Structure formats: C-alpha cells, structure tokens
Amino acid sequence: MSLLSELQNRSNHQCELCTSQEKLAIYEIKPVSSGGFDGSILACETCIQQIENPETMDANHWRCLNDAMWSEFSPVKIIAWRMLHRLKKEGWPKDLLEMMYLSDEELAIAKATNEHLDDSEKVIHRDCNGVILEAGDTVVLIKDLKVKGSSMVAKQGTAVRRISLDHENANYIEGKINGTQIVIITEYVKKMADKE
C-alpha cells in the first residue's frame, strides 16, 4: 500500500488538521522527519501553504487545532503544537497549549524548528560565510576534520545532509558522515544551496 493510501485511510480522506477534503497532499514533518507514515500528515493546500509561509497565516483557520491537537498520531500533534506556538500572541492558543500533551520524543521533534522561542532566545547558527543554518540543511566540510574518539577523518568536500542544531551552542551542529553521527563546528562548514 502506498504512503498516500495509508494516510488517506488514517485520515478518512480529509486534512488531518482542518478536515477539508479539497486538494489533499502528503506533508512531511520537517526538519527531522524521515517521512513515511510516522513522519508525515495528509493536509490540504491551505494548511500546507500557511505552514510553509508564516506571513500568510489566518488565525481563524487554525481554530481547527482545538480538535487536531487530540489526534492519536504523533505527526499531527507535532504540527498542531508548532502552529499553536506560532499563533500564541492571539491568546486562545495558549490555553490549548497548556492542555496539550506530547511525549518527550514528540516534543523534541516539535521544537526542532525553534519557532517556539522568542527572537531573543534563539541561538543562531552560521556557516563559515555567515550564512544562517537551519535544521535539515545540507552543508559541505571546508577542511579535513579528525573525528574525536575514532580513527575516522571526515574529508574536505564531504556533504552532510539533514543537519540538526545544538539549541544551546551556536557553534555546534550535528550530522551523519558514513553512518556515524558526529558534532561539527560551524566554522568548518559551508551551507549548500538547494540547487547544488
């Protein structure tokens, strides 16, 4: 069975956030999800558009989260939590957030975008050229790096895909090289453009 079919069955052929049945598509929970059934939701074009473009948000559309936040499926709860945080200045989302329950693992994924933090709290990660890095980005090593605690050397020019950020230190990111998860200092990487 295809992922689309599985999500349609799970959602009863409607958006898992607002219950619309129009223009449904698979939306992968970025930046840490590997996709699939446990890392995606079925969402309508309106919801996806507003998730990806915060400036187009219509707060009233998201009153649907009052129901969606109680979903039994982790990816739906994660997106509901993120959207409620994005809207918390509206007032009503704060009450919903106080009632909402996410497991530690779900909460870690929900917080991966750092959207829940105020600007003053955000740790900004920058590459060697000062370009801002975000979770899920691909970076390239600009020099050979000896990996502490192993005999491995990560070679210059190696691409590290789907990085994650250290939320406490702007100088550290994490990523996998040859299947090994390592910590990398940001001054030794360059962000790779999407088209590269």
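Here is a short chat about salt bridges and a surface patch in this predicted model.

Student: How many salt bridges does the structure hold?
Tutor: Side chains of opposite charge can pair when their charged atoms come close. The cut-off here is a Lys or Arg side-chain nitrogen within 4 Å of an Asp or Glu carboxyl oxygen. Going by that, the number of salt bridges in the structure is five.

Student: Which parts of the chain does the pair of lysine 23 and glutamate 45 link?
Tutor: The side chains of these two, lysine 23 and glutamate 45, meet in a salt bridge at 3.6 Å, N to O. They are 22 residues apart, and the pair links distant parts of the chain: the loop between helix H1 (3-11) and strand S1 (24-28) holds lysine 23, while glutamate 45 sits in helix H2 (residues 45-52).

Student: Is lysine 23 buried or exposed?
Tutor: The cut-off for exposed is over 50% relative accessible area. Lysine 23 has 59%, so it counts as exposed.

Student: And why does glutamate 45 count as partly exposed?
Tutor: Partly exposed covers the range between under 20% (buried) and over 50% (exposed). Glutamate 45 falls in that range because its relative accessible area is 46%.

Student: How many residues apart are arginine 162 and glutamate 28?
Tutor: Their side chains meet in a salt bridge, 3.4 Å from N to O. Arginine 162 is in the loop between strand S8 (159-160) and strand S9 (164-165), and glutamate 28 is in strand S1, so to speak a link between distant parts of the chain. The separation is 134 residues.

Student: What does the salt bridge of lysine 191 and aspartate 137 tie together?
Tutor: The closest N and O atoms of lysine 191 and aspartate 137 are 3.3 Å apart. Lysine 191 lies in strand S12 (residues 189-191) and aspartate 137 in the loop between strand S4 (132-133) and strand S5 (139-141), so the pair ties together parts separated in sequence by 54 residues.

Student: Which residues form a nonpolar patch on the surface?
Tutor: Take isoleucine 185 in strand S11 (residues 180-185). The patch has about 240 Å² of accessible area together, and its members are Tyr172, Val183 and Ile185.

Definitions and conventions. Residues numbered from 1 in each chain as written. Predicted model: local features only at pLDDT ≥ 70, side-chain atom pairs only at ≥ 80, totals over all residues. Heavy atoms only, no water. Patch = residues over 30% accessible without salt bridge, like charges linked within 9 Å, V, L, I, M, F, W, Y side chains within 5 Å. Areas by Shrake-Rupley, 256 points an atom, 1.4 Å probe, with all protein chains shown as cover. Helix = DSSP H or I, 4+ residues; strand = E, 2+ residues; numbered from the N terminus. Buried < 20%, exposed > 50% of the residue type's maximum accessible area, 1.4 Å probe, protein only.
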